[in-house]
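Hi,

Have a look at the structure first, then read on.

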Amino acid sequence: MNGILLIAIMVVFGVAAILSVVRIVRGPSILDRTVASDVLLTEVMCVLGADMAINGHTRNIPVMLIIAAVSVFGSIAVANYVARRDNPTP
Amino acid sequence: MTSFLEFAIPQQVADVIVLVLVLIGAILCLSAAVGLLHFRDVPSRLHAATKPQVLGLVLICLAIAVAQRTISGMLMGLLIVIPVILLQFATAPLSAHMVGRQAYRNGTINQRALVVDEYAESKTTPPGAG
């Protein structure tokens with residue numbers, strides 16, 4: 001029972017990561033790639049938490065905390081500089 | 001009081017609860033990835049991407065707390081995962097807002113799918129104005 005659940009968790013995480021990487025490679029615009037890389041980073045956080053929950057330790061908490069605090073800057077930096085400046089300037 | 005705090009749920013029950021919670025979080029991650037491949041424009045993909053950012057992370061943090069098994073351990077686990085959840089709640093809408101606004105300005109959204117376009121008049125203002 002537990003083995004089946006463990007294998008299912010591993011397969012689901014792996015397939016989700018592969019699909020996110022596919023969107024990062026194929027994304028038509030850079031904003032699509034930003035959204036997909038954000039999903040991939042969230043998945044890294046989820047995998048770290050799953051490792052702690054399954055193996056019963058709490059050593060990865062600082063890594064999760066730093067990723068949760070810092071991951072916003074990537075999206076904001078990309079979104080700040082891709083603006084198309086074709087609006088009429090006054 | 002101390003006997004209540006030292007009450008521990010059995011090992012097998014705790015294992016099954018933890019694995020089911022982690023599996024639901026993993027399925028939410030998979031649904032976000034499938035949504036990234038399925039939808040066609042940036043706001044739809046943002047809609048799919050927010051599921052594991054909030055609900056999946058909350059479920060996995062609950063699994064971390066349940067994995068401590070005793071009542072006092074669960075309270076301690078909740079205390080150490082609550083900052084992670086609060087930081088994620090505070091920063092996820094920021095990046096989604098910025099990405100969605102730039103997607104609108106770049107024209108990478110499906111204009112005919114919009115019901116109401118309340119942002120149209122701001123196209124005539126310069127981008128640096130706000």
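**What I found**

With 18 C-beta neighbours inside 10 Å, Arg69(B) counts as partly exposed (20 or more other C-beta atoms within 10 Å of a residue's own make it buried, 12 or fewer make it exposed, and partly exposed is in between, with C-beta atoms placed from the backbone). Arg69(B) sits in the loop between H3 and H4 of chain B, helices here being DSSP runs of H or I with at least four residues, strands runs of E with at least two, both numbered from the N terminus. Its phi is near 75 degrees, a positive value in a residue other than glycine.

Some housekeeping. This is a predicted model, so local features need pLDDT of at least 70 and side-chain atom pairs count only at pLDDT 80 or more, while totals for chains, interfaces and linings use all residues. Residues are numbered from 1 along each chain as its sequence is written, and chains are lettered from A and ligands numbered from 1 in the order in which they are written.

Now chain A. Its secondary structure comes to three helices and zero strands, running α-α-α from the N terminus on. The radius of gyration of chain A is 18 Å, well over the 12 Å that the globule rule gives for 90 residues, so the chain is more spread out than a compact globule (the radius is taken over C-alpha atoms, and the rule is 2.2 Å times the number of residues to the power 0.38). Along its principal axes, the C-alpha trace of chain A spans about 65 × 30 × 15 Å. Of its 90 residues, 34% count as buried.

Next, how the chains meet. In total, 49 residues of chain A are in contact with 46 residues of chain B, contact being C-beta atoms, placed from the backbone, within 7 Å. On chain A, the elements giving two or more residues to that side are helix H1 (2–26), H2 and helix H3 (61–81), and H2(A) has the largest share, with 16 residues. By class, the side of chain A that touches chain B has 31 nonpolar, twelve polar and six charged residues (Ala, Val, Leu, Ile, Met, Phe, Trp, Tyr, Cys and Pro count as nonpolar, Asp, Glu, Lys and Arg as charged, and the others, Gly among them, as polar).

One helix pair to look at: the axes of H2 (residues 30–55) of chain A and H2 (residues 11–38) of chain B come within 11 Å and cross at roughly 170 degrees. Axes are lines fitted to C-alpha atoms, for helices over the stretch in contact, with angles from 0 to 180 degrees between N-to-C directions. H2(A) and H2(B) are therefore roughly antiparallel to each other (over 145 degrees; under 35 is roughly parallel, 65 to 115 roughly perpendicular and the rest oblique). Residues making this contact include Cys46(A) and Ala53(A) of H2(A), and Val22(B) and Cys29(B) of H2(B).

Last, the core. The largest nonpolar core has 51 residues, and those with the most contacts inside it include Ala53(A), Val22(B) and Ala63(B); such a core is a set of buried Ala, Val, Leu, Ile, Met, Phe, Trp, Tyr and Cys residues joined through C-beta atoms within 7 Å. H3(B) gives the most to this core, with twelve residues. Leaving aside neighbours within four places in sequence, Ala63(B) is in contact with Ala53(A), Val18(B), Leu21(B) and Val22(B).

Cheers

Key: Contact = placed C-beta atoms within 7 Å.
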